[in-house]
Amino acid sequence: MKRTVPLFITFFVGTLLIVSVFLPPVQSMGENFTLFFDIIAVFAFFLGGGNLVRIHLDKVSRRKKDWGYSLVTLFGFFLVLASGLFKIGNAGGIAASVTASGSWFQTIFERVMNPLSSTMYALLAFYVASASYRAFRAKNREATILLIAAFVILLGRTPFGTMITAWIPDSLSALQVPNMAIWIMSSPNLAGQRAIMIGIGLGVVSMSLRVLLGIERTYLGEDKG
């Protein structure tokens, strides 16, 4: 019974959502179950927040390694939570929008979150440059093709790429670097993206069928179906 009930609910709801897409009479039931999912997702936020507090409180109380970071995490969590729930500093009071100008919630987002996000993406740029350097080394034929394509795209996105091939006549405009970059992005690159999306779609369908039929049971805590 402990396993049968979750399996039955998963099969029933999953099948209903699929059928509701093709049969208009049951479409409203599918929309209702989607709303139920949103309600259940709210409880997941409570569970996630409680788990975060529990883990970091334990780390701070036991003075584990880097417990200071956990203290900062807890302080930030409760500060943002209180600012959003009680709308501290909100000129319009508790009834106004949580993102109203001047509220603590909005100020924290603009003065803390945005600079931190910009810093993180700036650091990622160095990691991307390092990874690109290692990937673009022409060690074999595939890496050479990748290197040439990347070089053409990078050059085609700059004014220098336009300048060095501006002398090519319009009858041979396909050989101009910006047009080559556009062709690479719109043909080989787009074909690769679509192939990846098709693969992802097939994987989603396969995994969904495994879950609906009860073959995949890892979400119940079982290692094997």
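Contact is taken here as heavy atoms within 4.5 Å. The structure is a predicted model, in which local features need pLDDT of at least 70 and side-chain atom pairs count only at pLDDT 80 or more, while totals for chains, interfaces and linings use all residues. Residues are numbered from 1 along each chain as its sequence is written, and side-chain values use heavy atoms, with hydrogens and water left out.

The protein chain contains 8 helices and 0 strands, and its pattern along the sequence is α-α-α-α-α-α-α-α. The radius of gyration is 27 Å, well over the 17 Å that the globule rule gives for 225 residues, so the chain is more spread out than a compact globule. Here the radius is taken over C-alpha atoms, and the rule is 2.2 Å times the number of residues to the power 0.38. Helices (H or I, at least four residues) and strands (E, at least two) are DSSP runs, numbered from the N terminus. The C-alpha trace spans about 70 × 50 × 45 Å along its principal axes. Of the 225 residues, 17% count as buried; buried means under 20% relative accessible area, exposed over 50%, and partly exposed in between (1.4 Å probe, protein chains only). Among contacts with a separation of 6 or more, 30% are between residues 24 or more positions apart.

In helix α1 (residues 4–22) lies Ser20, which is buried because its relative accessible area is 8%. Leaving aside neighbours within four places in sequence, Ser20 is in contact with Val26, Gln27 and Gly30. The C-alpha atoms of Ser20 and Glu31 are separated by 8.5 Å, with the two residues 11 apart along the chain. Asp58 belongs to helix α2 and, with a relative accessible area of 28%, is partly exposed. A separation of 35 Å is found between the C-alpha atoms of Asp58 and Met1, which are 57 residues apart along the chain.

Two loop residues have positive phi values. Most residues other than glycine have a negative phi. For Asp66, in the loop between α2 (27–61) and α3, phi is near 60°. Asp66 counts as partly exposed because its relative accessibility is 41%. For Lys87, in the loop between α3 and α4, phi is near 50°.

A pocket is identified on a 1 Å grid over the protein atoms alone, as an open set of points where a 1.4 Å probe fits, with protein on both sides within 12 Å along at least five of seven lines; lining residues have an atom within 4 Å of a point. The largest pocket holds about 260 Å³ of space, where grid points are joined across faces, edges and corners and the volume is the space filled by probe spheres set on the points. Its lining consists of Gly76, Phe77, Leu79, Val80, Phe105, Ile108, Phe109, Val112, Met113 and Leu116. Helix α4 gives the most to this lining, with 6 residues. By class, the lining has 9 nonpolar residues, 1 polar and no charged. In this classification Ala, Val, Leu, Ile, Met, Phe, Trp, Tyr, Cys and Pro count as nonpolar, Asp, Glu, Lys and Arg as charged, and the others, Gly among them, as polar.

The largest nonpolar core has 5 residues, namely Val152, Ile153, Leu155, Val177 and Ile184. Helices α5 (141–156) and α7 (177–186) each supply at least two residues of this core, and the largest share, 3 residues, comes from α5. A nonpolar core is a set of buried Ala, Val, Leu, Ile, Met, Phe, Trp, Tyr and Cys residues joined through side-chain atoms within 4.5 Å. Beyond its neighbours within four places in sequence, Val177 is in contact with Val152, Leu155, Gly156, Gly161 and Thr165.

Arg210 is found in helix α8 (residues 188–212). Its relative accessible area is 33%, so Arg210 is partly exposed. With neighbours within four places in sequence left aside, Arg210 is in contact with Ile215 and Glu216.
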